[in-house]
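Take a first walk through this structure.

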Amino acid sequence: MAGSSSSSRLPPLDIPKGDAPRPRAGSISKPKSAADPVLRNALRYTISAREYETLHKYVISRSRLLRKRAPTVNTVEKYMDGETNQRRDSVGRGSGKGKGKETAASRNPGRRGGDTYNARAIRHALRVFLITGIGAKAYESLLARLKGQNDSSSSQKKQPFYKSNPLRLSLSLSTILLLYRLLFRFFTRLRAQLLDPSAAPFRERNPRTSRTLTSAYAPAVGASLAGLALGIYPAQQLRLTIMISVMFRALEFGWNLLEDEGSIWGWRARAGGKGMVKRERPWWWGSWMLQPLAMGQLLHAAVFDRESAPVGLFDAIFKQANTYLHPAPADLPSGIKWPGSWEVIDSLAQMAKLNWPPFISPTLFPDQPTLPISLAAVAPLTSRAHPIIPSLSCATLHPSDPSCLRTYLTFWVNSFPRLGRFFLLFYSLLMLPRYKLLYNAPLHLLNRLLAKSLRLTTFATGAFSTMWASICFFQTWLPRTFLPTQRFFLGGFLAGMWAFVERREGRNIFLYTARTSVDSLWKVGVKRRWWRAMRGGDVWLFALALAITGAVYERDARAIREASVRKGISWMKGTGFRDWGLEDEDELEHVKED
């Protein structure tokens with residue numbers, strides 16, 4: 001009766017007519033918004049939930065207008081994660097607290113809600129695109145303003161935006177990052193699937209392919225193919241510089257790995273014959289040994305192949321060589337052209353090709369031709385030269401002083417104080433962020449400042465003076481026909497030996513000089529047809545450098561000495577800006593202690 005009385009109170013059912021769809025049982029109709037998917041994707045590929053929370057805490061929440069219009073943190077998490085985040089939260093609340101209870105986010109750090117691996121890769125690539133694009137455009141505008149090219153650039157035909165160098169550079173770098181992450185994840189998953197027991201038949205049928213794809217270095221080598229995206233940027237000097245820099249670092253990491261494993265210096269028996277111990281590196285070995293070869297090549301290229309040499313670097317060196325490259329005197333007649341620095345260098349190159357002719361003083365023989373026609377540019381210098389100077393090169397470099405040794409010492413007296421003041425001011429500016437150390441240990445800081453300035457000043461003054469004095473030295477002690485053009489390489493080599501003074505803290509200088517020398521040597525070889533430039537060869541070498549770096553990181557991350565570089569490689573792989581090599585060491589130490 002209760003059932004019949006309750007059923008009699010129910011209203012009549014309204015049966016829909018026609019083909020109207022019937023709602024599902026237990027479903028609740030929700031208003032659909034077309035903007036939700038767009039906003040969710042825009043937020044997901046622009047900012048993460050954690051970053052939005054930080055932005056909301058320090059910026060949005062402090063502005064009344066922004067706080068009203070901007071979505072809350074929970075709203076952003078719902079937009080990005082959808083219903084899955086709500087279910088995860090409900091499951092998390094249902095689980096009790098205590099040791100051994102962990103959430104899904106802690107069990108799977110690779111996925112934080114809706115912030116997937118691909119979303120982070122696209123978001124970081126977009127940020128690299130914007131930051132590098134803005135930076136490259138600002139640098140290009142600043143450089144044009146410093147050079148005074150605003151009028152000339154505006155008069156020229158404007159380049160289309162899609163062909164501009166800043167756009168292509170930012171697009172190239174962001175594409176490299178995105179492809180590297182996607183390829184690394186692809187090869188990592190492929191390796192895991194091939195190592196699964198269910199893939200045993202495939203491994204048996206294709207043993208070589210399986211060994212290649214299941215190698216621990218396969219993800220890093222496969223992801224290095226992303227380096228081919230460097231070809232988006234045009235084949236200009238910047239692309240070659242990027243390749244050389246990355247290749248140098250990759251070779252450095254590979255050298256460190258071989259050295260750590262004892263493949264370079266070998267092993268020796270311990271005292272007492274119990275086990276083996278790795279041999280230490282010799283005390284004299286270091287990056288300073290690159291400096292003699294680099295300076296020799298650069299000086300030879302500056303003399304004979306100026307278009308393949310770093311002209312800006314040698315302009316700075318020539319400004320410190322007033323003892324050998326003399327400025328125009330005040331009493332110079334108006335009709336005489338005084339030779340500039342590069343005209344003197346060109347004349348020295350011509351002297352070398354003529355097997356270093358002797359000097360005939362126009363003062364003693366005024367009616368005879370004293371200079372070859374090809375050396376007429378240095379006639380204002382040699383016409384004032386001392387009559388007892390024996391060689392034409394000495395008459396060009398120090399015409400007023402017949403003593404080569406006295407000129408060499410004069411260079412030291414004039415250049416050492418000037419360079420010392422410059423380096424002292426330079427290092428003082430670099431130490432400004434460490435002002436607290438000046439208060440706590442002033443003597444230690446001042447001692448270090450003076451020692452660094454003194455060493456670098458000695459290295460620079462010795463290298464510059466030896467570079468010029470070697471020309472006079474070879475003229476005095478070598479026959480005129482013995483290695484006439486190769487003397488510039490030998491002079492640069494002797495000048496580079498001064499790097500031994502700065503061998504402990506001059507690593508960055510030596511590596512910069514070596515990279516510049518490799519760049520110059522490549523251009524000289526192409527010019528003289530020692531080798532042919534392959535189209536896109538620098539792009540393939542860049543990909544090879546990425547492969548070496550990734551393989552070294554997978555083998556032993558400690559071979560990469562800088563913690564910031566290890567964090568950068570980890571970030572590029574998509575595993576976070578973390579130093580995994582250091583964390584692995586800490587874990588091993590904890591295991592040993594336990």
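This is a predicted model: local features need pLDDT of at least 70, side-chain atom pairs count only at pLDDT 80 or more; totals for chains, interfaces and linings use all residues.

Residues are numbered from 1 along each chain as its sequence is written, and side-chain values use heavy atoms, leaving out hydrogens and water.

The largest nonpolar core holds 56 residues. Such a core is a set of buried Ala, Val, Leu, Ile, Met, Phe, Trp, Tyr and Cys residues joined through side-chain atoms within 4.5 Å. Buried means under 20% relative accessible area, exposed over 50%, and partly exposed in between, with a 1.4 Å probe and protein chains only. Phe314, Leu348, Trp468 and Phe488 touch the most other members. Among the elements that give two or more residues are helix 15 (290–304), helix 17 (341–353) and helix 22 (442–477). Helix 22 gives the most, with 12 residues. Helices here are DSSP runs (H or I, at least four residues), numbered from the N terminus.

Apart from this core lies another, of 12 residues, including Ile244 and Phe542.

Back in helix 22 sits Thr461. Thr461 counts as buried because its relative accessibility is 0%. Its contacts (heavy atoms within 4.5 Å) include Phe411, Trp412 and Leu419. The Thr461 side chain also reaches the backbone oxygen of Thr457 at 2.8 Å.

Ala42 belongs to helix 2 (residues 35–44). Ala42 counts as partly exposed because its relative accessibility is 38%.

Notes:
A polar contact is a pair of N or O atoms within 3.5 Å; within protein, one must be able to donate a hydrogen and the other to accept it, and residues adjacent in sequence count only if both atoms are side-chain atoms. Lists of a residue's contacts leave out its neighbours within four places in sequence.
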